[in-house]
Each structure stands twice: as structure tokens, then as C-alpha cells.
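Subject: Structure handover

Hello,

Here is the structure I promised to pass on.

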2 protein chains.
Amino acid sequence: MKEIEQLNHSIIEFYDKLSSWEHAVVREQNISLAQVHTIEVLGSHGAMRMKELADRLGITTGTLTVQIDKLVNAGFIARRPHESDRRSILVDLTDSGRHLYREHDDLHLALTQDITANLDKDQRKILQLCLSKMNNEF
Amino acid sequence: MKEIEQLNHSIIEFYDKLSSWEHAVVREQNISLAQVHTIEVLGSHGAMRMKELADRLGITTGTLTVQIDKLVNAGFIARRPHESDRRSILVDLTDSGRHLYREHDDLHLALTQDITANLDKDQRKILQLCLSKMNNEF
DNA sequence: AACTTTACTTTGACAATCAAACTATATAGC
DNA sequence: GCTATATAGTTTGATTGTCAAAGTAAAGTT
């Protein structure tokens with residue numbers, strides 16, 4: 001098999017395993033995958049407009065509106081007006097939402113530590129470099 | 001920031017970007033994300049029992065049953081009895097399903113080529129090694 | 001000022017999902 | 001061999017996630 005094909009399938013396998021892991025983790029908490037994903041994006045990028053959040057999540061703004069309604073209701077997210085564009089609304093995590101984000105992020109961190117435990121320092125460094133470069137190319 | 005935290009967030013970002021990409025790709029074809037994911041797993045691992053497939057997809061067998069019904073109806077998947085366990089059913093891709101899988105896999109390959117274009121030979125080799133090791137640790 | 005675009009919400013229809021109940025088969029313990 | 005008990009898959013009812021399309025309001029363009 002060509003090297004690039006092997007790399008391709010390793011990436012797909014990695015993605016699938018992360019996906020399964022996320023499913024399992026979320027199932028144990030009392031929140032849906034879509035909701036925790038929303039919180040993840042806000043937690044790592046900070047407050048943003050509905051449109052931008054919808055684009056990042058890969059869903060329409062119509063879908064996002066009802067999703068945000070639920071998260072506001074649950075106390076994890078707050079809406080506030082955009083300073084300069086009165087059409088826009090900024091959504092952001094509440095304290096409770098930020099707490100949930102950190103909790104979830106800690107689970108991710110523990111996973112990352114687990115799966116990279118067998119890599120040596122140099123490998124980890126190059127992995128980081130590769131990921132950064134790849135993330136820039138999307 | 002600690003190196004491991006940086007690595008963690010790069011992994012999450014990579015996962016998110018792959019996820020968005022997959023959403024966008026699937027939207028353009030006439031099939032849902034859940035369905036293409038099912039086809040991906042069967043395409044790369046071959047025929048398997050409902051239970052195993054459900055586990056790999058991170059969904060219940062109840063959900064999978066209706067999903068498979070649709071895919072059988074669309075001609076992408078066929079059910080056949082398990083040779084030795086009469087409770088079990090094997091699901092597998094049809095020729096049409098395999099064609100769809102290859103088409104989708106080619107898109108993944110093109111993406112992989114794109115995002116790794118700026119890596120040199122050594123980096124790509126170590127990336128492959130890291131992914132293999134990480135995939136084994138899940 | 002009129003037109004067009006953009007941001008968000010609402011609505012109606014459908015797909016995805018789970019939990020729980022159900023059927024059929026397999027396995028374990030006696 | 002019987003009788004539990006466990007496992008594989010399906011069905012059902014309820015909920016959630018999703019989109020497309022239509023609606024409202026504000027911003028940008030001409």
C-alpha cells in the first residue's frame with residue numbers, strides 16, 4: 001500500500017476512535033453530543049455570533065437557534081447583543097457552562113495523555129508540529 | 001501552556017476540522033453523515049454483525065436496525081445469516097455500496113494529500129508512527 | 001430612498017437516537 | 001437434559017437534531 005493511503009486510513013481510524021470515545025463519554029454525562037460540542041467550541045474560542053458558531057459546528061442557524069434555546073434554558077449559555085451590529089447576537093458560556101467545559105476538557109486531556117504515553121519526547125514534538133501544520137491547511 | 005495541553009487542543013481542533021469537512025462533503029452528496037459513516041466502517045473492516053457495527057458506530061442496535069433498513073432499501077447494504085450463530089446477522093456492502101465507499105474514500109485521500117502537503121518525508125513517517133501507536137491505545 | 005444582502009428566528013417535515021419491551025437463539029449451572 | 005441467564009436483533013414510542021423555506025429586522029449598496 002502506498003504510504004499516503006496508509007496515512008489516510010490511520011487518520012480515518014483515529015477520527016473514528018475519537019468519535020466513539022466522545023459518544024461514550026457524553027452518554028455517561030447528562031448532555032447530548034451536539035450540546036457538548038457547542039460548549040466545546042465556545043469554551044475554546046470564546047463568545048461568538050450565531051452565524052459563526054453554526055458554521056463551525058457545520059449546522060444551519062435554524063438548528064442552532066433551538067440548540068442554544070435549550071442550553072440557555074439549562075443555564076450553560078447566555079445570549080447578549082452584539083456591540084456594533086444590531087442584527088447579531090453573541091452567545092457565550094455562563095460560569096456553569098465554563099465549568100462544564102473544563103470538566104469535559106479534562107477528560108480530553110486524560111485521553112490525550114493515555115494515547116500519547118508510548119511516544120517519546122521527539123515524537124510528541126513532531127506530532128504537535130504535524131497537527132499544527134495540518135490544522136492550518138484545512 | 002504545558003506541551004500536553006497544547007497537543008490535546010491540537011487533537012481536538014484536528015477532530016473538529018475533520019468533522020466539519022465530513023459534514024460539508026456529505027451535504028453535497030445525497031446521503032446522511034450517519035449513513036456514510038456506516039458505509040465507511042463496513043468498507044474498511046468488511047462484513048460484521050449488527051452488534052459489532054453498532055459498537056463501532058457508538059449507537060444502539062435499535063438505531064442501527066432502522067439505519068440498515070434504509071441502506072438495504074437504497075441498495076448499498078445486504079443482510080445475510082451468520083454461519084454459526086443463528087441469532088446473528090451479517091451486514092455487508094453490495095457492489096453499489098462498495099462503489100460509494102471507494103468514492104468517499106478517494107475524497108478522504110485527496111484531503112489527506114492536501115493537509116500533509118507541507119510535511120517532509122521524515123515528518124510524515126513519524127506522523128504515521130504516532131497515529132498507529134495512538135490508535136492502538138484506544 | 002429603494003433594493004439587496006446578512007443575521008437570526010420560527011415553522012413544518014423528516015431523520016436519528018435511545019430506552020424499554022419483545023422474540024429467538026445460545027450458554028451456563030445444576 | 002432442564003432451567004436460568006445472557007446475547008443478538010427488531011419493534012415501538014418519545015425525544016432530539018436536522019434542514020429548507022418563510023418571516024423579521026438590521027446593515028450595506030446603488
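This is a predicted model: local features need pLDDT of at least 70, side-chain atom pairs count only at pLDDT 80 or more; totals for chains, interfaces and linings use all residues.

**Interface between chain A and chain B**

Start where the chains meet. On the chain A side, 53 residues are in contact with 55 residues of chain B. The area buried between the two chains is about 5400 Å². Carbon and sulfur atoms give 65% of that area. Together they supply 13% of the area that chain A buries against chain B, more than any other three residues.

What about polar links across the interface? There are 23 residue pairs in polar contact between chain A and chain B, counting pairs with both residues at pLDDT 80 or more. The count of salt bridges between chain A and chain B is zero.

Which helices of chain A take part? Helices H1 (3–28), H2 (33–45), H3, H5 and H6 (121–137) of chain A each supply at least two residues of the side that touches chain B. H1(A) gives the most, with 21 residues.

**The sheet in chain B**

Now turn to chain B. Three of its strands form an open sheet. The order is E1-E3-E2, and the pairing is antiparallel. E1 (48–49) and E2 of chain B stand at the edges. Each has a single partner strand, so one side of each is left without a neighbour in the sheet.

How many bridges join E1(B) and E3(B)? Two bridges link them, in the antiparallel sense. At one position the partners are B:Arg49 and, in E3(B), B:Leu90. Helix H4 (residues 61–73) of chain B packs on this sheet. H4 touches E2 and E3 of chain B, and its direction makes about 115° with that of E2(B).

**Salt bridges**

Side chains of opposite charge can pair when their charged atoms come close. Over all chains, the search of the whole structure finds 14 salt bridges. Here are three of them.

B:Arg80 and B:Asp92 meet through their side chains at 3.5 Å, N to O. This pair links distant parts of the chain, 12 residues apart. B:Arg80 lies in strand E2 (residues 77–81) and B:Asp92 in strand E3 (residues 89–93) of chain B. B:Arg80 is partly exposed at 38%.

Next, go to helix H3 (residues 50–57) of chain A. There A:Arg56 forms a salt bridge with A:Glu52, with the closest N and O atoms 3.2 Å apart. The two residues are four apart, about one turn of the helix. A:Arg56 counts as partly exposed, at 35% relative accessibility. A:Glu52 counts as partly exposed too, at 30%.

The last one is in helix H5 (residues 95–115) of chain A. The side chains of A:Arg98 and A:Asp95 meet there at 3.9 Å, N to O. These residues are three apart, again about one turn of the helix. A:Asp95 is exposed, at 64% relative accessibility. A:Arg98 is partly exposed, at 31%.

Over to you.

Best wishes

Note on methods:
Residues are numbered from 1 along each chain as its sequence is written. Chains are lettered from A and ligands numbered from 1 in the order in which they are written. Side-chain values use heavy atoms; hydrogens and water are left out. A salt bridge is a side-chain nitrogen of Lys or Arg within 4 Å of a carboxyl oxygen of Asp or Glu. Buried means under 20% relative accessible area, exposed over 50%, partly exposed in between (1.4 Å probe, protein chains only). Two strands pair if DSSP finds at least two bridges between them. Contact means heavy atoms within 4.5 Å. Axes are lines fitted to C-alpha atoms, for helices over the stretch in contact, and angles run from 0 to 180 degrees between N-to-C directions. Buried area is the accessible area (1.4 Å probe) that two parts lose on being put together, summed over both. A polar contact is a pair of N or O atoms within 3.5 Å; within protein, one must be able to donate a hydrogen and the other to accept it, and residues adjacent in sequence count only if both atoms are side-chain atoms.
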